[in-house]
Amino acid sequence: SSSRKWLCSRSEICTPETELVAGHSYAAERFESQRDCRLSCGQYGAIWPMPTGEGCTIAHTRVRFDPWKVRFHVVAPGEAATQFLRETNRLFVSNLLKECTRNCTLESSKQILVRATVSNETLVLDWAADESYALVVRTTEAATFVDIQAGTVYGARHAFETLTNLVTGSLSNGLLMASAARISDRPAFPHRGVLLDTARNFVPLKYIRSTLDAMATSKMNVLHWHVVDTHSFPLEITRVPEMQRYGAYSSSQTYSRQDALNLVKYARLRGIRILIEIDGPSHAGNGWQWGPAAGLGNMSVCLNQSPWRKFCVQPPCGQLNPMNDHMYAVLKEILEDVAEVGAPEETVHMGGDEVFLPCWNNTEEIRDAMRAQGYNLSEESFLRLWSQFHQRNLNAWDDITERMYPGIKQPKPVIIWSSHLTNPTYIEAYLPKERFIIQTWVESEDVLNRELLNRGYRLIVSTKNAWYLDHGFWGRTSYYNWRTVYSAGMPTSAQHSDQVLGGEVCMWSEYVDQNSLESRIWPRAGAAAERLWSNPKSPAAAAQRRFYRYRERLLARGIHADAVIPHWCVLHEGMCL
């Protein structure tokens, strides 16, 4: 089969010359393999996610080259940005080598000269970061020239990622690259995330890094690290070592301060922020049980109580005690550690979901303290108490960041989950929109997103009936295939466009650990990556062949992405769907 050639039809289907369909018209070029054909068959070739700029073009002709002979010239203001781009070049070559089907070495390789120009020296990565880039490939008799222009190192990093999508292995030695291309690109949304829960089941660092590798391949830029929960507290808090000592499943199932710092650095080189979530007041139990022995009282209540249904939404139970000042002092020390681990501009996710009011209401010391402070025991009183919990922690966070990073003038908003407290009818009385970004986890037809946008809140969207990747493995939940993930629309309208920051797919880990993590997340999360980068108007069916190639790229990079269709259907385009 290696001698037969492939052709690209006007309907963007790659077909071997022995199986051409009568009545279909094909471009004149003949390609050595299906992957070679795929590089330029269709406007976007094999690029994932789809570029957003006008007039994306990819030539049907190829250059054959040796990845070791690619030369880089980096133009950037400042030593830090230059160093960042050198690391980016190293990662780029490492990804190219993974495309080699045979020996990558070529005696007489075409010279590839890559020039990357970045205009701003900033390494700040937040919602305002410029991630746009322009990529031009042109080939002369002498060499192939790749020109990358970007505002920041992060845009340049994305350009190198796109450049790997213009390359495939050759049936003989070396690699093939499209000899000419013109692409301009920028993301539709600044927050393109994966939530990874490492508290229900511990996930070793190696697998968190592979998640970051796959995210980088997909141009996703936020790892929302749900690192602690009622079940376990594996994160080292240097100021309060008791949290990890009492909360980790075992001394080997922990993340040290250095682990966290290294992870932040690893992610940053791949254009990814790490957003740490310290959930509360609910989802907080194990790790908090040492209060009484230390003379600090009950910092968490309803701890590991049974029958659990009377005290929480999911076992084991545990909810922070909002009437205990020692709890706030400890939480502030936890937040100080989080602030030190992250970049100066990074914020924190404060959780705030699934607060079980009967837990507080069934705790005598909380009822007594509330009455003593003039609260009655109405639902409104408990909601006020809950909102004051978030406000006190926000004040602590402001205090920490002002002290630690005096250069940052604007107080940073924090993120909390949608909940009973974010009900549009009264949210404004409890959570000021200037300071709280709401991450919604409702179904696609729910009106919550629209109502919060109308009230001026900024949103991060995690559509529960499409982007909850744990669904389909417990209770009455359904599994969402990549097409469902892809088709989940984003709430947008002209007047609210800047309020929708983006979205996250969520990998809750009750029913997943390192043994199945990669195949549960990938390649489905990549479908959300295209939704968040490109927000395409075209349906999933139009993206399928690019998506299958994207999955193969993940496999080449060592990510165990799940199969989404029989391999016969990948090889015989247009014959299955």
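Figure 1. At 2% relative accessibility, Asp337 counts as buried, because burial is assigned under 20% relative accessible area. The model shown here and in the other views is predicted. Arg239, at 29% relative accessibility, counts as partly exposed. The two residues form a salt bridge in which the closest N and O atoms are 2.5 Å apart. This pair links distant parts of the chain, with Arg239 in the loop between β13 and α5 (242-247) and Asp337 in helix α7 (residues 325-341), 98 residues apart. Through shared partners, salt bridges join Arg239, Arg257, Lys332, Glu336, Asp337, Glu340, Asp399 and Arg403 into one network.

**Figure 2. The salt bridge between Asp36 and Arg62.** The side chains of Asp36 and Arg62 meet here, at 2.6 Å from N to O. Asp36 belongs to helix α1 and Arg62 to strand β4, so the pair ties together parts that are 26 residues apart in sequence. Both Asp36 and Arg62 are buried.

**Figure 3. The salt bridge between Glu19 and Arg4.** In this pair, the closest N and O atoms are 3.5 Å apart. Glu19 is found in the loop between β2 (14-16) and α1 (34-38), whereas Arg4 is in the segment before β1 (6-8), so the contact ties together parts that are 15 residues apart in sequence. Glu19 is partly exposed, with a relative accessible area of 35%. Arg4 is likewise partly exposed, at 26%. By the rule applied here, the count comes to 34 salt bridges.

**Figure 4. The sheet of three strands, β4-β10-β9.** These 3 strands form an open sheet in the order β4-β10-β9, with antiparallel pairing. Strands β4 (62-65) and β9 (167-169) stand at the edges and have a single partner strand each, so one side of each is left without a neighbour in the sheet. From one strand to the next, the twist averages 30°. Between β4 and strand β10 (residues 175-178), the antiparallel pairing extends over 4 bridges.

**Figure 5. The sheet of six strands and helix α3.** An open sheet is formed by 6 strands in the order β3-β11-β7-β8-β6-β5, and its pairing is mixed. At the edges stand β3 (57-58) and β5 (70-75), each with a single partner strand, so one side of each has no neighbour in the sheet. Helix α3 (residues 153-164) packs on this sheet and touches β5, β6 (112-118), β7, β8 (144-150) and β11. The direction of α3 makes about 40° with that of β7. Strand β7 (residues 133-139) pairs with strand β11 (residues 181-185) in the antiparallel sense, over 5 bridges. Within this pairing, Val136 has Arg182 of β11 as its bridge partner.

Figure 6. In strand β12 (residues 191-197), 7 of the 7 residues are buried, so the strand is largely enclosed by the rest of the structure. In a regular strand, side chains alternate between the two faces of the sheet. Both faces of β12 are covered: His191, Gly193, Leu195 and Asp197 are buried on one side, and Arg192, Val194 and Leu196 are buried on the other. Strand β12 runs parallel to strand β21 (residues 500-507), to which 6 bridges join it. Gly193 has Glu504 as its bridge partner in β21. Strand β12 is also joined to strand β13 (residues 222-226) by 5 bridges, and these two strands run parallel. The bridge partner of Leu196 in β13 is Trp225. Together, β12, helix α4 (residues 205-217) and β13 make a right-handed β-α-β unit.

Figure 7. Helix α2 (residues 79-97) has 19 residues. From its first C-alpha to its last, α2 reaches 27 Å, close to the 27 Å expected at 1.5 Å a residue. An α-helix has 3.6 residues a turn, so residues three or four places apart point the same way. The buried residues of α2 are Ala81, Thr82, Phe84, Leu85, Thr88, Asn89, Leu91, Phe92, Val93, Asn95 and Leu96.

Conventions:
Residues are numbered from 1 along each chain as its sequence is written. This is a predicted model: local features need pLDDT of at least 70, side-chain atom pairs count only at pLDDT 80 or more; totals for chains, interfaces and linings use all residues. Side-chain values use heavy atoms; hydrogens and water are left out. The expected span of a helix is 1.5 Å times one less than its number of residues. Buried means under 20% relative accessible area, exposed over 50%, partly exposed in between (1.4 Å probe, protein chains only). Two strands pair if DSSP finds at least two bridges between them. A crossover is right-handed if, with the strands pointing away from the viewer, the path from the first strand over the helix to the second runs clockwise. Contact means heavy atoms within 4.5 Å. Axes are lines fitted to C-alpha atoms, for helices over the stretch in contact, and angles run from 0 to 180 degrees between N-to-C directions. A salt bridge is a side-chain nitrogen of Lys or Arg within 4 Å of a carboxyl oxygen of Asp or Glu.
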